[in-house]
Amino acid sequence: MKTYSAKPLEVERKWYLIDAEDEILGRLAVRIANILRGKHKPEYTPNVDTGDFVIVINADKVRVTGNKETDKIYYHHTGYPGGLKSASFKELMEKDGTLALEKAVKGMLQHNTLGAQQLTKLKIYAGSEHPHAAQKPIVLEKEAK
């Protein structure tokens with residue numbers, strides 16, 4: 001018996017809709033990253049993009065536990081000397097409600113061209129409206145606690 005290896009042209013893609021309201025950031029990011037990678041499919045192949053599209057609405061209403069709202073710091077560097085910038089979770093959410101979720105999911109994907117390709121299938125919106133109704137996304141329920 002030979003091991004099955006998925007081919008990029010054979011992959012069938014679906015669209016999933018996730019409501020992020022009152023979801024915990026890390027737990028939601030894990031669910032999204034697994035769908036983007038295709039780990040929920042039996043034909044999952046690590047070196048092939050077998051994942052599906054994910055639409056996230058209400059991303060600005062995602063929450064964190066404990067004191068992370070003020071203590072969690074996001075860093076980025078401008079590329080210039082002394083250009084290290086930092087912002088807390090609360091400041092980042094005030095600036096753009098989708099950035100924290102995007103950074104969390106990006107950190108859980110592979111750090112190469114395959115991960116970048118998988119990240120393009122993620123569509124994040126701060127409000128409850130999205131322009132992907134024509135794709136007829138499958139609504140994913142919240143996980144039981």
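## Overall make-up

How many helices and strands does the chain have? There are five helices and six strands, where helices (H or I, at least four residues) and strands (E, at least two) are DSSP runs numbered from the N terminus. Starting at that terminus, the order of elements is β-α-β-α-β-β-α-α-α-β-β.

This is a predicted model, in which local features need pLDDT of at least 70 and side-chain atom pairs count only at pLDDT 80 or more, while totals for chains, interfaces and linings use all residues. Residues are numbered from 1 along each chain as its sequence is written, and side-chain values use heavy atoms, with hydrogens and water left out.

Taken along the principal axes, the C-alpha atoms fill a box of roughly 55 × 35 × 30 Å. Of the 145 residues in the chain, 39% are buried (under 20% relative accessible area; exposed is over 50% and partly exposed lies in between, with a 1.4 Å probe and protein chains only). Among contacts (heavy atoms within 4.5 Å) between residues at least 6 apart in sequence, 69% join residues at least 24 apart.

## Helix α4 and its partners

Let's turn to α4. This helix spans residues 99–108, and its buried residues are A100, L101, A104 and V105. They line one face of the helix, because they fall within an arc of 125 degrees when seen down the axis of α4 (the arc is that of the directions from the helix axis to the C-beta atoms). The buried residues of α4 pack against several elements, including α1 (25–37), β2 (53–57) and α5 (113–119).

With α1, the packing angle is about 55 degrees and the axes are 9 Å apart; axes are lines fitted to C-alpha atoms, for helices over the stretch in contact, and angles run from 0 to 180 degrees between N-to-C directions. That makes α1 oblique to α4 (angles under 35 degrees count as roughly parallel, over 145 as roughly antiparallel, 65 to 115 as roughly perpendicular and the rest as oblique). On the α1 side, the contact is made by L25, G26, L28, A29, V30, I32, A33 and L36, and on the α4 side by A100, L101, A104, V105 and M108.

## Two residues to look at

Y75 sits in strand β3 and is exposed, at 55% relative accessible area. Leaving aside neighbours within four places in sequence, Y75 is in contact with L84, K85 and S86.

H132 lies in the loop between β5 and β6 (138–140). With 12% relative accessibility, H132 counts as buried. Not counting residues up to four places away in sequence, H132 touches W15, I55, K123, Y125 and P137.
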